[in-house]
Amino acid sequence: MHEMSLAQGIMDLVRESAVEKGIEQIKRIKLVIGKLSMAEPESLRFAFKIMATDNLFKGAILDIEEKEITCRCNNCQAIYAVQDVIERRCPRCRAIEAELVSGHELYVDWYEGE
């Protein structure tokens, strides 16, 4: 389960920032995960809950925003959602050449603390 190492990485990143800012208690963390990131949101929430036992993270909430896979058509510039990257045909002009716009995200958007 690589979500344990992802949760640890998120906590390390937030911990480092919180120490720099003098924050002693994290209340909420907003994480953005693209559907292609290979991170399973529920498993990540579970891993975070298990690992968030020190005073800094105790009671913290992990909010996860899932980003759909979207493409931009190289022909007509339309932006559209796809179910997978294999079938990227543009629904407007039917071209098959498209650029991936979103879906690989995996980052901490923000966190709240005091």
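Arg28 has Glu112 as its bridge partner in strand β6, and in this predicted model that pairing belongs to an antiparallel arrangement in which β1 (residues 26-34) and β6 (residues 106-113) are joined over seven bridges. The side chain of Arg28 also meets that of Asp63 in a salt bridge, with N to O at 2.8 Å. Asp63 lies in strand β2 and Arg28 in strand β1, so this contact ties together parts that are 35 residues apart in sequence.

**Strand β1 and its neighbours**
- Strand β1 is mostly covered, since seven of its nine residues are buried.
- With strand β2 (residues 61-67), β1 pairs in the parallel sense over seven bridges, and within that pairing Ile33 has Glu66 as its bridge partner in β2.

**Salt bridges involving β1**
- The count of salt bridges in the structure comes to eleven, and among them is the contact between the side chains of Glu114 and Lys27, with N to O at 3.8 Å.
- That pair links distant parts of the chain, because Glu114 sits in the segment after β6 and Lys27 in strand β1, 87 residues apart.
- Glu114 is exposed, with a relative accessible area of 61%, whereas Lys27 counts as partly exposed at 36%.
- In the contact between Asp63 and Arg28, Asp63 is partly exposed at 24% relative accessible area, and Arg28 is likewise partly exposed, at 26%.
- Glu65 forms a salt bridge with Lys30, the closest N and O atoms lying 3.0 Å apart, and this pair links strand β2 to strand β1 across 35 residues.
- Lys30 has a relative accessibility of 15% and therefore counts as buried, while Glu65 counts as partly exposed at 29%.
- Salt bridges that share partners bring Lys30, Glu65, Lys67 and Asp109 together into one network.

**Aromatic and nonpolar contacts**
- The structure holds one aromatic pair, formed by Phe48 and Phe57, whose ring centres are 6.2 Å apart and whose planes stand at 85°, so the pair is edge-to-face.
- Phe46, which has its place in helix α2, counts as partly exposed at 48% relative accessibility.
- Together with Met4 and Ile50, Phe46 forms a nonpolar patch on the surface, and the three residues have about 270 Å² of accessible area together.

Methods. Residues are numbered from 1 along each chain as its sequence is written. This is a predicted model: local features need pLDDT of at least 70, side-chain atom pairs count only at pLDDT 80 or more; totals for chains, interfaces and linings use all residues. Side-chain values use heavy atoms; hydrogens and water are left out. Buried means under 20% relative accessible area, exposed over 50%, partly exposed in between (1.4 Å probe, protein chains only). Helices (H or I, at least four residues) and strands (E, at least two) are DSSP runs, numbered from the N terminus. Two strands pair if DSSP finds at least two bridges between them. Rings of Phe, Tyr and Trp (its six-membered ring) pair if their centres lie within 6.5 Å; planes under 30 degrees apart count as stacked, over 60 as edge-to-face and the rest as tilted. Patches are made of residues with over 30% relative accessible area and no salt bridge: like charges are joined within 9 Å, nonpolar side chains (Val, Leu, Ile, Met, Phe, Trp, Tyr) within 5 Å. Accessible areas come from the Shrake-Rupley method with a 1.4 Å probe; for residues, only the protein chains shown count as cover. A salt bridge is a side-chain nitrogen of Lys or Arg within 4 Å of a carboxyl oxygen of Asp or Glu.
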